[in-house]
Amino acid sequence: MEQRLFKIVANKEIAELTYRLDLEAVEPGFSFDGEFVNIKIDGFFLRRPISVCDSYPGGITLVYKVVGKGTEALSHKKEGEVLDLLTGLGRGFDAAATESSALLVAGGLGAAPLLPLAKKLKAAGKKVNVVLGFNKASEICLEEELRALADSFEIATVDAIKAMDPTFDYFYTCGPMVMMKVVCKTLDAPGEASLEERMGCGFGICVGCTVVTKNGPRKVCKDGPVFKKEDIVW
């Protein structure tokens, strides 16, 4: 974990109440490693955890949705302003678990952490099948980016998986808990799910994000947020 300052390069609405935040490290030498960051927002006691959608030398891209006063305040931040972030948090998806072909299933902003995963899978020469689900057309985001990486692509409900009939040996899912539960219980293949819980510290001290797994209590921020399908207690 590192605490770093980042300058806002852009903070733009890309879908209904959904923003893309491009950040550049103020000091040189930044290289991202982790699954999410925890952002300090002036006027709020707790930081806001947000998955990293993309990273590059010296910076990161976040995609977030306005769901409360904290993220609303973040949406008003302007280019050039500086944010305080905790970086390098969480354990992400295991791209090496896929032998040859993967299925990526996202609901809403669950698409954000699946974008860097898709890039890793393609770079490793593996086939990528993508299914994205949104409540309405105005909320669709990251479609172009994921479609460009996918060997097969659909925007629909979980039923779209059956219609697509993709060949895959491993799956990854991120989104609402109800959706991920259906995905994990429906698909016979092994896979992983990225869980979401309210977080305080973001690095395992406050135990506020503890969930019960088949291996006992685990902290989403430190032991996850990604867990193997067979370890999750729904």
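Predicted model: local features only at pLDDT ≥ 70, side-chain atom pairs only at ≥ 80, totals over all residues.

Trainee: Okay, and how much space lies in the largest pocket?

Mentor: About 1400 Å³. Its lining counts 48 residues, and those nearest the centre are Pro49, Lys65, Val67, Leu109 and Glu196.

Trainee: Which element gives the largest share of that lining?

Mentor: That's S4, with four residues. At least two residues each come from S4, S5, helix H1 (69–75), S7, H2, S8 and H5.

Trainee: And what volume does the second largest pocket have?

Mentor: About 330 Å³. It is lined by 16 residues, with Phe32, Gly34, Glu35, Pro116 and Lys120 nearest its centre. S4 and H2 are the elements that give two or more residues to this lining, and H2 gives the most, five residues.

Trainee: S4 keeps coming up. Which strands does S4 pair with?

Mentor: Strand S3 (residues 36–40) is joined to strand S4 (residues 48–56) by four bridges, and the two run antiparallel. Asn38 has Pro49 as its bridge partner in S4, and Pro49 is also one of the residues nearest the centre of the largest pocket. Four bridges also join S4 to strand S5 (residues 59–65), again antiparallel. Across that pair, Ser55 stands opposite Ile60.

Trainee: What does Gly58 do in that hairpin?

Mentor: Gly58 takes a positive phi near 90°, in a hairpin with two residues between the strands S4 and S5.

Trainee: Switching topic: what is the strand order in the six-stranded sheet?

Mentor: S9-S8-S7-S10-S11-S14, an open sheet with mixed pairing. Its edge strands are S9 (152–155) and S14 (226–228), each pairing on one side only. From one strand to the next, the twist averages 15°.

Trainee: Which helices pack on it?

Mentor: Helix H2 (residues 111–123) does, touching S7 (101–107), S8 (127–133) and S10 (170–174), with its direction at about 165° to that of S7. Helix H5 (residues 177–186) packs on the sheet too and touches S7, S10 and S11; its direction makes about 170° with that of S10.

Trainee: Last one: how does Val182 count, buried or partly exposed?

Mentor: Val182, which lies in H5, counts as partly exposed because its relative accessibility is 37%, between the 20% and 50% cut-offs.

Methods. Residues numbered from 1 in each chain as written. Heavy atoms only, no water. Pairing = 2+ DSSP bridges. Axes fitted to C-alpha atoms, helices over the stretch in contact; angles between N-to-C directions. Contact = heavy atoms within 4.5 Å. Buried < 20%, exposed > 50% of the residue type's maximum accessible area, 1.4 Å probe, protein only. 1 Å grid on protein atoms, 1.4 Å probe; cavity = no way out; pocket = protein on both sides within 12 Å on 5 of 7 lines; lining within 4 Å. Points joined across faces, edges and corners; volume = space filled by probe spheres on them.
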